[in-house]
Amino acid sequence: MADVITIDCGYLERDEFAATYLITDGDRAAFIDNNTAFAVPRMLEALAGTGLMPEQVEFIIITHVHLDHAGGTSALASACPNATILAHPRAARHIIDPSRLVASSMAVYGEDRFRAMYGDIQPVPEQRVRVMADDETVALGRRPLRFIHTRGHANHHFCIVDGPNVFTGDAFGLRYPFLQRDGTFVIPSTSPTDFDGPLARESILRIVDERPQTVYPTHFGAVTDIDVAAGQLIRHLEFSEAVMLEAEASDLPDDALQRYLQGRLSDYYRGLLDARGHLSADPAAWDWLANDIDLNAQGLAWVANKRRRKVRQAAAKH
């Protein structure tokens, strides 16, 4: 079986922060996740290094439509005219018509910042998009690729089982190489808006049940001590859920929950990094997690506030 090629996307001008994976079989190729339009030249350069042409790319696969995973889809599809885009049934419509994704992201970042981060995102013709059911398989040459639906991080998320490999998007957490100096260190991604703790744990266990030799999260690179990583992710998820429930039950106003959760998560992960000697060795180690902690707190606060609204609505009916 051909090797997996890890392509550093240079996302947000950072090395080893977000990856695209290239797999090949004979004269056929597939990309898994595609970051943003700015990563497409790197992807095509890696493809050329295998001796293959863009016309030989058979599949463009997206684990989910968050824009650091799927923002480059239209640009890559234009460069690879024979490729079929494979997507989760709930993700496909956003590839065909990305207007809602673009509008919501622009509302957060503003148009100038959005363009600087993601470039131009165009619709992909519907006939080029194929949805993949849970446990469905396609063949890349003689290489079977099986798709398993993995909710928790997002409702429209799947992973790709490729023999001894599983490509996990964000379902198996975030693993930054800079933070692996003292052994495996991974954290879950609980970003808005679909986070579901029980489903996230269920997805982790489903990945482990595949008994892979290597797991490839998009952020970033190969994980081989899978049981260790899974144990960390489940512990961190349990902590995240516990503080989310504390926030929900507190007297804090809705708009204060994110700040509270960010503080609790920051203390938790700073303690873990400090125990491993990361912060004393290099205070910049925290820079690798700061943005994710902010996003994770946003996701937890969003769920806590959603649960609060349901309680209030139910009370109002009585």
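Two strands count as paired if DSSP finds at least two bridges between them, and in this predicted model strand β7 (residues 136-140) and strand β8 (residues 143-149) pair in the antiparallel sense over five bridges. The points below take up that pair of strands, then the pockets and the cysteines.

**The β7 and β8 hairpin**
- Leu140 has Arg143, in β8, as its bridge partner.
- Two residues lie between β7 and β8 in the hairpin that they form, and Gly141 in the turn has a positive phi of about 60°.

**The largest pocket**
- The largest pocket holds about 1200 Å³ of space, and of the 36 residues that line this pocket, those closest to its centre are His66, Leu67, Ser105, Ser191 and Pro192.
- Two or more lining residues come from each of α2 (67-70), α4 (92-96), α5 (99-109), α6 (111-118) and α11 (287-316).
- By residue class, the lining of the largest pocket divides into 14 nonpolar, 13 polar and nine charged residues.

**The second largest pocket**
- About 310 Å³ of space lies in the second largest pocket, where Phe195, Asp196, Val303, Lys306 and Arg307 are the closest to the centre among the 16 lining residues.
- While α7 (197-209), α8 (226-249) and α11 each supply at least two residues of this lining, the largest share, five residues, comes from α11.
- The lining of the second largest pocket is made up of six nonpolar, three polar and seven charged residues.

**Cysteines**
- The structure holds zero disulfides; Cys9 is in none, and the nearest cysteine sulfur, that of Cys80, is 14 Å away.
- Cys9 counts as buried at 5% relative accessibility, and Cys80 is also buried, with a relative accessible area of 0%.

Key. Residues numbered from 1 in each chain as written. Predicted model: local features only at pLDDT ≥ 70, side-chain atom pairs only at ≥ 80, totals over all residues. Heavy atoms only, no water. Disulfide = S-S within 2.5 Å. Buried < 20%, exposed > 50% of the residue type's maximum accessible area, 1.4 Å probe, protein only. Helix = DSSP H or I, 4+ residues; strand = E, 2+ residues; numbered from the N terminus. 1 Å grid on protein atoms, 1.4 Å probe; cavity = no way out; pocket = protein on both sides within 12 Å on 5 of 7 lines; lining within 4 Å. Points joined across faces, edges and corners; volume = space filled by probe spheres on them. Nonpolar A, V, L, I, M, F, W, Y, C, P; charged D, E, K, R; others polar.
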